[in-house]
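Here are a few friendly notes to read alongside the picture. Take them one at a time, and keep the model open as you go.

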Amino acid sequence: MNEQEFSLLTEEYLDGTLSPQGRAALQADVQANPEHRRIFEEQARQHIRIHAQTSRVDFTESQRIAVMIVDIAQKHRDPNAFMELLRRKTLRERLTVLFQGLRAGKGTTAYQNAKAELMRRFTPVTVSMAINVALILIIFCWVPIMLPPPPKPEGVPVTLSSTSEPQPLEPIVDVPAAAIRTTQREISQILAKSNLDPDSSRADVTAPPEPANDAFQATTPVAAASFAALPASAPLSIGNIPTLIGRSAPTRIGILKTIPGSDRTETAVLKSLQWLKNNQSPDGSWRGQDITAMTGLALLAYLAHGEVPGSKEFGEPVTKGIKNLLTRQDARGFFSKNVYAHAIATYAMAEAFTLTRILELKTPLEKGVRIILDGQQPNGGFDYNYRKEQRFDTSVTGWQIQALKAALIAGIKLPGLEEALQRSARFLQNEAFAGDGSGFVYEGKNGSTAAKGGRPSMTGVGTLCLQMLGKPASPQVRIGLKALHKAELDWPDSGKAGVYSGYYVTQAKFQGGDKAEWLRWNKQMQNKLLARQHPDGHWEQGDYDNGSHVYTTALCTLMLEVYYRYLPTYAKQPVSVPLKDRSPEEVSVDVR
Amino acid sequence: MNEAELDQLVQRVQAGDTDAFGEVVFAIRKELRIFLSAHASSIDMIEEVLQSALVVCYENIGKYELRGTFLSWTKGIARNLLLKEVKARSRYVAPDEDVLDRIVVEAAMNSLKAQDREEAYVEHLRACLDKLPETSRKLIQQRYFSKTSIRDLARLNNRTETWTAVALFRIRDLLKDCMMREVSS
């Protein structure tokens, strides 16, 4: 590789815009050329140093960050909240927290908390005695307290099976265009094996949270509490991720100016986000057929709009929602027993981490990702309960892929993550895609290509996932889009509406690059969604809505956020200015 | 803001004046960011650790004794958090996982071994940036102040991407030379 190519690829790496091919080439080069490796390392270090020197510090933003830290820290002083935190600890851990608090300065939160706890437990007369005793105990306990805590469980070890080699594709036959109609029966079949609680449809949105199952007792109260104190003021990292930059407010506004009818859709999105805010449970969750899944979907709707904990209008529901998800994760990393809900929660956690870079979200996210990686079948698919038997389920697989891809975008670097996504791509191309070219099937047997049975909704799933996995030009995507040609969002006057399918098809068509077809779909999708939105901002009738309307509202919102949620991978920057074709040798820089 | 003024602000925070904490954050953010850049393996890591450091700083501000060393105190917090993060990141990047990311993380790990030298480098970088001629400084401003991608930067300056990349390489090299000269002098 010559110096110019090397310089350009390194610069793209620093930009976060390096293509997979470019990355492979640069990796090979730095491995083969020690001098290039040294230069690469030095350039990367300098890049970081210069960034720090040149970054602006805004006074208003500093104030906002400070206010948030102070506000949350004061809430931590609430004795009830602190007791709740202590309640989950062992006696030894409780004593350690109290003693550490008393050792801290009088103005500190830890001191206030410890004092409040002692006040609660003892009468004022005995408090001073207790403090004196505690101080004596500190002397004796100093050494054991200072010992490092026992190692935390690291979650389920990843034991991926060896990958199967992809089978050569059978010739694919184009099929005539067909309208998409997701039937109730189809949706019922998709969800038939779900573990969702059928009685939860009667759940009261305002009801207090139900006690967690013992096996899934939340085990991360400390993580949740410490997250609460963090100043996630604004999207910090999306500038490095080209497909996400549409979520920043200025870019979003700019994009919307180019979308016909977007003034009305954006109003609808804001009304919907307000409805979700008004219908959030006091504990931060959203109710529905599965609380974890609904909380994840609602969060995704906010995050797609670029809303983060520091946002003025919707910062609070985002904060509460993320905190609620954190408390739902068990020690092994499961956000839920339900395979859909776990993936949706992990997806939301990944997007939250991408947009906020809150460090406390990283470990729960990684744990969630590990569960999915560990649950992947050798051929790359997934099934209910992460079973690894013969059956695969494309619908379940779709949510797992979205979660893993979001984790990759978030910068999570777990062994096997990229390989798992590659395996899923091979699975979708070789096994979930029906041999008769009818699209993607709902279920099948691992190790063999489905002969027939492609369904429109699953074709949306498979097509979008392959686009996300870097296969937008594959024959399966081409035929998938063709099968969805002239499709319409299924929204009858009465009965169930095909929002599950609509969520996928909207994104697949947006990413597909067929402008005329996209404009056609977009127009009818906009019209139907705007017409069906209730005055308070919510939608009903979704094919999987149990009466809380969170499911339908979240998915409809995500449809209307498609314009800026993930920018199309096919989009190219217009080059309007002719470039001077000058040699890099002419570059001359010096330092006075 | 000098250390004495900073201590006055901290004293107000310790006395319960929460508004003063905003001024403290404003006063130390940039310094902390530059400090963290001496060892961080990515720009994202700087921002992540910076946020965590500010939280720890506030929660423990009562422990700080007013001796004109508040910035050093917060740098100590930031350094500990960064060390933890770099070590964790080095564990995530498996040997064969991603060569490029591994190189950057290893460089960050090595920088921690030469802590004083690296921190001295970043202290002098500002002076070196000021010494850049106008054209080079403009390129740096576009690249970093305005956060312009290499593609947009090339278009903005009516150059090829390769030319722009080579120019940035050379500017960074010159800045490195300048920093080394400053440190040794």
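1. A word to learn before we start: a residue is buried if 20 or more other C-beta atoms lie within 10 Å of its own, exposed if 12 or fewer, and partly exposed in between, with C-beta atoms placed from the backbone. With 12 C-beta neighbours inside 10 Å, A:Lys486 therefore counts as exposed.

2. Please remember that this is a predicted model, in which local features need pLDDT of at least 70 and side-chain atom pairs count only at pLDDT 80 or more, while totals for chains, interfaces and linings use all residues. Residues are numbered from 1 along each chain as its sequence is written, and chains are lettered from A and ligands numbered from 1 in the order in which they are written.

3. Back to A:Lys486: its phi is positive, about 65 degrees, although it is not a glycine. You will find A:Lys486 in the loop between helix H20 (475-483) and H21 of chain A. Helices here are DSSP runs (H or I, at least four residues), as are strands (E, at least two), numbered from the N terminus.

4. Now compare another loop residue. Is A:His549 buried or exposed? A:His549 has 24 other C-beta atoms within 10 Å, so it is buried. Its phi is also positive, near 70 degrees, and it is a residue other than glycine. A:His549 sits in the loop between helix H22 (515-532) and helix H23 (550-560) of chain A.

5. Look next at helix H19 (residues 456-468) of chain A. Its 13 residues should span 18 Å at 1.5 Å a residue, and its end C-alpha atoms are 18 Å apart, which agrees; the expected span is 1.5 Å times one less than the number of residues. Because 13 of the 13 residues of H19(A) are buried, the helix is largely enclosed by the rest of the structure. After H19(A) comes A:Gly470, with a positive phi near 80 degrees.

6. H19(A) has a partner to look for. Residues of H19(A), including A:Pro456, A:Val461 and A:Leu464, meet residues of H21(A), among them A:Tyr500, A:Val505 and A:Ala508; contact means C-beta atoms, placed from the backbone, within 7 Å.

7. Finally, turn to chain B. Chain B has nine helices and zero strands. Buried residues make up 46% of its 185 residues. Among contacts in chain B between residues at least 6 apart in sequence, 61% join residues at least 24 apart.

How values were computed: Two residues are in contact if their C-beta atoms, placed from the backbone, lie within 7 Å.
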